[in-house]
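My notes follow in the order in which I looked things up.

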Amino acid sequence: MHLLNLGILAHVDAGKTSLTERLLHTVGITDEIGSVDAGSTRTDTLALERRRGITIKSAVVSFAIDDVTVNLIDTPGHPDFIAEVERVLGVLDGAVLVVSAVEGVQAQTRILMRTLQRLRIPTLLFVNKIDRRGARHDAVLRQISERLTPAVVPMGTTGALGTADAWFRAGLGAEALEVLADHDDELLAAYVEGGEGLGGAGLAWVEASGMSHDTRGGRSHDTGRATSHDTGSGMSYDTDDGVSRATVDPLHAALISQTRQALVHPVLFGSAITGAGVAELITGIKELLPPAGGDPDGPVSGTVFKVERGPAGEKVAYARMFSGTLRIRDRIPFGESRQEGRVTAISVFDQGTDARADAVPAGRIARLWGLTDIRVGDAIGEPRKAYEHFFAPPTLETVVVPGPGVDGRKLHLALVRLAEQDPLIDLRHDEVRQETAVSLYGEVQKEVIEATLAEDFGLDVTFRETTTICIERPSGTGAAAEFNKKDANPFLATVGLRVDPAPAGSGVGFRLEVELGAMPYAFFKAVEDTVRETLAQGLHGWQVTDCTVTMTHSGYSPRQSHAHQGFDKSMSSTGADFRGVTPLVLIEALRRAGTQVYEPMHRFRLEAPADTLGALLPVLAALRAVPQTTETRGAACVLEGAVPAGRVHELEQRLPGLTRGEGELESAFDHYAPVAHGAVPERPRTDHNPLNRKEYLLNVTRRVGS
């Protein structure tokens, strides 16, 4: 038996959770199909998920397809919860991307498909809702080819679209040969040399039992045809139209090989509601997607993709093991600090539930107890690779306002717990104002945070207006220094720093122009750590990035003591001295360099009826959206350009009214641009304000200095 860790992804309302429920019912995990509308789904367990009918948290459920154990991960479809999707991508062996046969390819579909392709995750496409009025076959296939990828292999034909009797009949046609031959010269040569063509009906994919896949309501009908033959892997082909057995097997092999290499993407149609096409999808999952790899006898290596709290408040980590075998009572290093933790309990997913186990081998997903400080994205055992962000970080934030009678400390603790489950939600706590700000992807997240705080922690909150998260970059070069026991420096430390601009996207670099042996290493480390902390709030309060900070001066007072007495901190330098003086030096260097504030910009693609362009353009201009390309496609017009992230929500709200409900907007973070309109945005500081030396020294040392 082999394993497959499978993700199901889709845009909102494509029917992803309904498909998950149908799969679980078809393979025998559930007796009844859960309903999104009724709030009875197996994977949407949060009260808010069932109330809103959307997936917010990823969920894992396991089932078997013959000799294949599938760990199926249901992921959110709403863009506001893209962080949940991000965490899952790194642990998948394959994916099913769901598209609606009615709405077709949506903006979120494109974002997900681009990411799956970039990561080379083998992906099947399932076009759902063929039973709904307005369902399309050829038009959706054309959309997929034009807007997602041309490397698609249609896996069959449909009929009675838009009715409860809609069906999907599996079969490989001439398009399959054309697409597969693009990546396989031997396959193309075999057909050319043999003089074989695919003919009218092509190659029909059927089960070895001779059952055709004319599926209505999930049932298959025996045709009694004797033209199919077993290919040895559970798949068979109808060999009508003169196609020889010798040509079928190479096509079958090429389909499996190229799908598993993410070179091509099979497309199946069906309905999660009626069950049409679901049997074929299950066969495709089993036959076309690659099994999980990993040596169970190798070094232990895994990745945490989800963290939740158990009934007693204990941390529970969801981890995918890539190598080795992790056992109860094992002490294992994890995270960047490589601290060790002891695994106290393990459960693995099996047959629709999770069961306690003594060990978890490579390839499996498990829940782990005992790793108290574990975080999402942490490597367990030997690091496999650095945790990657496949999507942009949040570009919006809001202040959480406690309701009447809510304890601010309890609220902060609850927000910390939420943030540890979502590494892309950043918290900023202002001790002076006793306020906590959270970063967001969109407005829907506000409702989720509000409901979670109310239902899980009993805390009533509201929010202030959402604002945009900007960044600062140095405008030039600046340097400053503070010397030990000189010029009103109350800290026993010498620190000199120079700030230089660095290329966009390079982050923050730290270098030394002083000898590493000039003072204890702990003091250098204190300076570097404090530099990175201080850069979280620049001259205007925003994160400073894309710069190099160089330490140009260093000095300290060696350890001293009075006669017959112990260590005297008033005469000897400590790490606190270096942590205290560094913000003053760095902010002064930044002041001399100058900084510019940049706002996040989204790349947008807007498709709307051409006759609505006259109404659209003035609104886009008012929102500071800049169309860079305009293309007319028949009666439609496609605009592509850039828009400030803070204006995307307003554009989404106004678009239906401007385009008779026919406009379609796709946007994603693209770059930061200098703030060129209005006053420079300022962010309230949450530190000791090193911009004001007197205030800073009063806060840090309770004295101004001499």
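In which hand does helix 10 pass helix 11? I found a right-handed crossing of helix 10 past helix 11. A crossing is called right-handed if the near helix is turned clockwise from the far one by less than a right angle, and left-handed if anticlockwise.

Ground rules first. I am working on a predicted model, in which local features need pLDDT of at least 70, side-chain atom pairs count only at pLDDT 80 or more, and totals for chains, interfaces and linings use all residues. Residues are numbered from 1 along each chain as its sequence is written, and side-chain values use heavy atoms, with hydrogens and water left out. Helices (H or I, at least four residues) and strands (E, at least two) are DSSP runs, numbered from the N terminus.

Entry: helices 10 and 11.
I looked up the geometry of helix 10 (residues 408–421) and helix 11 (residues 443–457): they pack at about 110 degrees with axes 11 Å apart. Axes are lines fitted to C-alpha atoms, for helices over the stretch in contact, and angles run from 0 to 180 degrees between N-to-C directions. Helix 10 is therefore roughly perpendicular to helix 11; the classes are roughly parallel under 35 degrees, roughly antiparallel over 145, roughly perpendicular from 65 to 115, and oblique for the rest. On the helix 10 side I listed Leu411, Ala414, Leu415, Arg417 and Leu418, which meet Ile449, Thr452, Leu453 and Phe457 of helix 11. Contact here means heavy atoms within 4.5 Å. By class, the contact of helix 10 with helix 11 has 7 nonpolar, 1 polar and 1 charged residues. Ala, Val, Leu, Ile, Met, Phe, Trp, Tyr, Cys and Pro count as nonpolar, Asp, Glu, Lys and Arg as charged, and the others, Gly among them, as polar.

Entry: helices 1 and 9.
The axes of helix 1 (residues 16–26) and helix 9 (residues 278–288) come within 11 Å and cross at roughly 80 degrees. That makes helix 1 roughly perpendicular to helix 9. I noted Leu19, Arg22, Leu23 and Thr26 from helix 1, and Val278, Leu281 and Ile282 from helix 9, as the residues making the contact. The contact of helix 1 with helix 9 divides into 5 nonpolar, 1 polar and 1 charged residues.

Two strands pair if DSSP finds at least two bridges between them. Strand 2 pairs with strand 3 (residues 68–74) in the antiparallel sense over 7 bridges, and Val61 has Leu72 in strand 3 as its bridge partner.

Strand 33 and strand 35 (residues 547–556) are parallel partners over 5 bridges, with Leu512 opposite Met551 in strand 35.

I counted a salt bridge as a side-chain nitrogen of Lys or Arg within 4 Å of a carboxyl oxygen of Asp or Glu; the count comes to 29. One of them joins the side chains of Arg532 and Glu528 at 3.2 Å, N to O. Arg532 and Glu528 are 4 residues apart in helix 12 (residues 521–534), so about one helical turn separates them.
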